[in-house]
Amino acid sequence: MSRSPSAVLGLGLVLALLLLSAVHLRVGAFDTPWSALPALLWQDDGSAAGFALRDIRLPRLICAMLVGAALAVSGLLIQIVTRNPLGDPGLTGVSGGAAFGVALAITLLSPAVWVVLGSGVAGGALAAVLTFALSHHAGMRSLHLLLAGIAVSAFFIAATGAVIIAQRSSMQTLYFWMIGGFAGKGWPEVALIGPLTASGLAASLALGPILAVLALDDTVARGVGLATGRWRLVSAALSVLLAAGAVAIAGPIAFIGFIAPHLVRHSTPDRAGQLAMRAFLPLTALTGAVLTSGADLATRLIPFGKNAPAGIWVSVFGGILFLLLAQRMLRGPAR
Amino acid sequence: MRHLALTLLAVCSAAEAPANGSFPVSIDDARAADVIIETKPERIVALSNFGADMMVALGLTPIGITTYEGKRPVYLGPSLDGAADLGDLTAPNLEILASLAPDLTIGMLHYNGPFEKEISEIGGFLAFDAGDLATSDENVTQLGRALGASEVAAEMNAAFAELRRSIRERAPQDGPEYLFLWHYYDTFYAYQDNLLTTELISSMGAENLAGYNDSVETAEQAFMPLDPEELLKFDPEVLFVFTSHGGPVKANPVFDRMAAVQNGKAFSMGYQYSQPSGPIAREMILLEAAHLLYPDLFDAPEMPDGARARPLVFAE
Amino acid sequence: MKPAIWWLTWPAGLVLLGFAALFLGATGATWPDVWTSLGADPEGQAAIIARYRLPRVAAGALVGLHFGLAGAILQVVLRNPLADPTIFGVSGGASMAVVLAMSAAIAVAPPSESINVATNYLPLAWLPPIALSGALIATAVVIALAWDHRLGTISPTRMVLMGVVLGAILNAAVMALVLSLSESRTELAILWLSGSLYARGFENLWPALPWTVAGVALTLALMPSLSALRFDSQTAQSLGVRLKLAVPLSIAGAAALAASAVAVAGPVGFVGLLAPHMAGWLGGVRLGERLWASAAIGAGLVVAADALGRIVIAPAEMPVGIVTSLIGAPVFAALLTRKYRRLHATVGE
């Protein structure tokens, strides 16, 4: 039973996700008693409550889970590819670039969901290329990646601000766009992010054995005959696609990509790298889904001031967790 | 239509009348500080929409105006075309303001307060914040005095009170349920009855489902965020939407299920609904909303086409 | 050692640039306007230039000088060409303090009809001290977190990491606060957070000057240590540098310069990152040369960016922080790409 710790963790996460989902579906402006939930969920009785359950709460919940899973796996991939434990779509500029793409689409092109998604993914990819190019020259594995990511992120946030100001809109719009959330997300968003995230996760799982080798030293990787450069590029592209898609749909939700893989590492007795990738990846995705749907539930239950969008609780709790994990990591033997 | 003509008549007679009021006057503005205005101001900049509205109502022309969220007050018609553009209300261009050499600058404490000193030293500064009907009446009175038109201002308030009374009498007691939404990308806020726009609409027998908020300190805070499900739960008979960033509303299946949308009673409203304090804006809101609520009882008022309410459209 | 003319070119160029910037603004200017604006009692357009553009040029130069110098010092001490003086958390700390102060002002004096409303918005003049204290507190936290107890000094690696971590957290918290408070008066916070010289007068500048003097004096005093610190720590130590003292002092000096600059203008990005690289590219090889040129380039960048921001979308204004980021980032990338080999050699791993 060598895999039992991760199996226990997986079971716990699934239970947590089910519990969160149940509460998510139960809570709302329309009263939907527990006993009526299953019936309302399966068949359309024409009632507004049933509509709210099926077409408002359910897609929002699914969207939150998909985005959380995508960001979490994206963070894990970045951490593996760059061998930088602080890897996160927000810290590598991908989120900033995607947010810029979204802002550009909404203000200059069209607010249609697929245009926004395409533009967001393009922006995220551009940012990733810039970050990797900047830090590659100075050694990607070191702190340079972080600093380059911060710089690229700052650039794209400034560019988003410039787009907003050039439209003579108030800068407050920037803050709405930079925090993200799930309010108002419906089936059209799920239809876009669903296939993207699912194929991204499937591809990551398929890459599992290669990722496990990439997580080791380059010399080891080459020793087993792996073309490390090519596979790192593929993994990085996958990571960017997952993150940029998620950001384009829900906005730049901070820290999930960093937190989820570290929580999994900390919760299993196996040290990083020893946990089999085929267990690590799904566990990370599940953790991400639990984190985002939990935070979204918090925003629905506990309003954070009148104007606050949903991503605020993610930022607040994520920030605290981020600090704790980073602090622990720095004090740990790795550095 | 009759009513708008009524008040405009009063305004025209005011413009012809010799400058009334004596100077210096002491004005009680939003800073709760008495501002002394020595002589009748001639070169006036209106940083706020209320200032521009009041001036146009008095037949005066501001030499400079600002925009808010990139929008000029189209509802005031071509009378502002010659006014210099000072940029955004929250950060008016000080160089242009100084080059206009105004002797009075009308602004809002809410946005211009932090730069009160800079603005005051260019030309006398008066600040009026938006709020409910009583605030609007008081602002009209104070600014009227500052502009040497206190009697006309009093007439405006009286005429508007009379207009409200006559519409209230003709309107049914038990009007439709409605919501006024301020829309900003994925977010919707419902105005509560503390705010002038909804206070006016509710005065005509319509019922604001967002109600009145007893717990806020100022009218400015009287709004509630709504998620799509809450919107559907309210399901008002009439839906007024002001889209802050312009353009169509983002599509959401909730709208298709709402009675107001199905019955063609969902409207996208003009800029004046978000800046209702001025005498022209408030009258236009009252008359247009009366028509939208009770098309059989009230005709559509005459107003610039760009400011008119339109059926709500959605972006796919 | 460079000839005297090289040293003099920098301040001369800066003065010329500042003079040129006086021509740029929403209301235009002629030669006589600009010329008389520098004299006593200017009138008309000259008075507008003297009142609104001159202080902004001065503020831009001062802020840029602080960032340029801080960036140059920091990149030497941390031996990292990507270090920006805002990684201490100065931007995040200052922003946090400003936003917190706004909410405190509202909490202390709620906007009620019955009381004097004038007390519940913060005047612009109050922001610099608030921002400065926030920046200094955040810096102290980062330095404390980055302290290596075994070595008894600051660990550069940890410094960068903790700076990045704290910066990310503070940024997220500031966004959350701005949005949750936006029912109230946050427009000033938002304007300030984007890095702006809007409505700045000379009176906003004076409080920063003591910091300039102290920062420059400290830099001069630390020059010998800084030159040695360019090499790795063993070499530096063998050259007689007391690492335990020199590293924290240099970092504190750079942080103070950056914090006081942020206090005046808000977070102005990329200047501290870019200026030292441009200085190197333009011939600043030795440490003294590089610091001198960095300070002048930083000042010139902010002055030019602010002038550009005044005219590109007039009558609205593009905040200077956005302009420096938009221009600075691509230039920085280009410079870094051009000379990555040399960097690679000096940076090492």
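# Notebook: strands, helices and a loop

I started with chain B, where strand 9 and strand 11 (residues 223-226) run antiparallel and are joined by four bridges. Before going on I noted that this is a predicted model, in which local features need pLDDT of at least 70, side-chain atom pairs count only at pLDDT 80 or more, and totals for chains, interfaces and linings use all residues. Residues are numbered from 1 along each chain as its sequence is written, while chains are lettered from A and ligands numbered from 1 in the order in which they are written.

My terms for the elements: helices (H or I, at least four residues) and strands (E, at least two) are DSSP runs, numbered from the N terminus. Two strands pair if DSSP finds at least two bridges between them.

**Entry 1: around strand 9 of chain B**

I looked for a facing pair and found Phe188(B) opposite Leu226(B) in strand 11 of chain B. I then turned to strand 8 (residues 177-184) of chain B, which is joined to strand 9 of chain B by four bridges and runs antiparallel to it. Here Trp182(B) stands opposite Tyr189(B) of strand 9 of chain B. Strands 8 and 9 of chain B make a hairpin with two residues between them, and Tyr185(B) in the turn has a positive phi of about 50 degrees.

Is strand 9 of chain B enclosed or exposed, and how many of its residues are buried? I count a residue as buried if 20 or more other C-beta atoms lie within 10 Å of its own, exposed if 12 or fewer, and partly exposed in between, with C-beta atoms placed from the backbone. Strand 9 (residues 187-191) of chain B has four of its five residues buried, so it is largely enclosed by the rest of the structure.

**Entry 2: the parallel sheet of chain B**

Next I traced an open sheet of five strands in chain B, with order 5-4-3-6-7 and parallel pairing. Strand 5 (84-88) and strand 7 (124-127) of chain B are at the edges with a single partner strand each, so one side of each has no neighbour in the sheet. From one strand to the next, the twist averages 20 degrees. Inside this sheet I checked strand 3 (residues 44-46) and strand 4 (residues 64-67) of chain B, which run parallel and are joined by two bridges. Val45(B) has Gly64(B) in strand 4 of chain B as its bridge partner.

Which helix lies across strand 3 of chain B? I found helix 2 (residues 49-57) of chain B, which lies across strand 3, strand 4 and strand 6 (104-107) of chain B and runs at about 130 degrees to strand 3 of chain B. For such angles, axes are lines fitted to C-alpha atoms, for helices over the stretch in contact, and angles run from 0 to 180 degrees between N-to-C directions. Nine of the nine residues of helix 2 of chain B are buried, so the helix is largely enclosed by the rest of the structure. Among them are Phe50(B), Met54(B) and Met55(B), along with Asp53(B). Gly59(B) follows helix 2 of chain B and has a positive phi, near 75 degrees.

I moved to chain C, which has 15 helices and two strands. Of its 349 residues, 59% are buried.

Helix 3 (residues 45-77) and helix 9 (residues 209-229) of chain C pack at about 25 degrees with axes 11 Å apart. The contact includes Leu62(C) and His66(C) of helix 3 of chain C, and Thr212(C) and Gly215(C) of helix 9 of chain C. Contact here puts two C-beta atoms, placed from the backbone, within 7 Å.

I compared helix 13 (residues 287-311) of chain C, which packs on helix 3 of chain C at about 140 degrees with axes 6 Å apart. These two helices are therefore oblique to each other, and helix 3 of chain C passes helix 13 of chain C in a right-handed crossing.

**Entry 3: Ala29(C)**

Last, I found Ala29(C) in the loop between helix 1 (4-21) and helix 2 (31-37) of chain C. Ala29(C) counts as partly exposed because it has 19 C-beta neighbours inside 10 Å. Its contacts include Phe23(C), Val34(C) and Ile49(C).

Conventions:
Parallel < 35°, antiparallel > 145°, perpendicular 65-115°, else oblique. Left-handed = near helix turned anticlockwise from the far one by under 90°. Lists of a residue's contacts leave out its neighbours within four places in sequence.
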